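Visitor: I am new to this structure and would like to go through it slowly. Could you show it to me before I ask about its parts?

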Amino acid sequence: MTLRRIEGESTLGTPMSMADIRRRKGMLFEQFCEQHPWWEWTESRLSRRMIDPQGQAWVPMWDPDPGVGICYDPELTPAGEEFISELLRRLDEDLAAGRARLYDLDELDDWDE
């Protein structure tokens, strides 16, 4: 049940073992959609789904690497989500380079200005 782009270029969703899906506290895609009908499924969000060996799609609810839950906030737009992802990427780079950097949390409120 993997979705494809109209052009057929790429598959949306990542094949994973059931052990990885359980580790990420995956919820079946259909179950998530029933519980959260307001959630906007963009192509980038669909690509984060996990596909089990039987072809079923799952939504990750937990990121085991930093040990945090994944927020599915109805007010978080795709552009806002990309902004937050960029902040986290920069923070990872700073930490890997041994630099400490504090981000102003108010910056999250101003991301679209």
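Visitor: Where is Arg24 found?

Guide: Please keep in mind that this is a predicted model. Helix α1 covers residues 18–23 and strand β4 covers residues 27–28, and Arg24 is found in the loop between α1 and β4.

Visitor: Which side chain of opposite charge is nearest to Arg24, and how far away is that side chain?

Guide: Arg24 is buried and yet has no salt bridge. Leaving aside neighbours within four places in sequence, Arg24 is in contact with residues including Met16, Met50 and Trp62. The nearest side chain of opposite charge belongs to Asp20, at 4.0 Å.

Visitor: Is Pro15 buried or exposed?

Guide: Pro15 lies in strand β3, which is made of residues 14–15. Residues count as exposed when their relative accessible area is over 50%, and because the value for Pro15 is 68%, Pro15 is exposed.

Visitor: How far apart in space are Pro15 and Arg49?

Guide: In sequence, Pro15 and Arg49 are 34 residues apart. In space, taken from C-alpha to C-alpha, the distance between Pro15 and Arg49 is 8.9 Å.

Visitor: Which element supplies the largest share of the lining of the largest pocket?

Guide: The largest pocket has a volume of about 800 Å³, and of the 22 residues that line this pocket, those closest to its centre include Asp63 and Leu88. At least two lining residues come from each of β7, β8 and α4. The largest share, five residues, is supplied by α4.

Conventions:
Residues numbered from 1 in each chain as written. Predicted model: local features only at pLDDT ≥ 70, side-chain atom pairs only at ≥ 80, totals over all residues. Heavy atoms only, no water. Helix = DSSP H or I, 4+ residues; strand = E, 2+ residues; numbered from the N terminus. Buried < 20%, exposed > 50% of the residue type's maximum accessible area, 1.4 Å probe, protein only. Lys, Arg positive; Asp, Glu negative; His and termini not counted. Contact = heavy atoms within 4.5 Å. 1 Å grid on protein atoms, 1.4 Å probe; cavity = no way out; pocket = protein on both sides within 12 Å on 5 of 7 lines; lining within 4 Å. Points joined across faces, edges and corners; volume = space filled by probe spheres on them.
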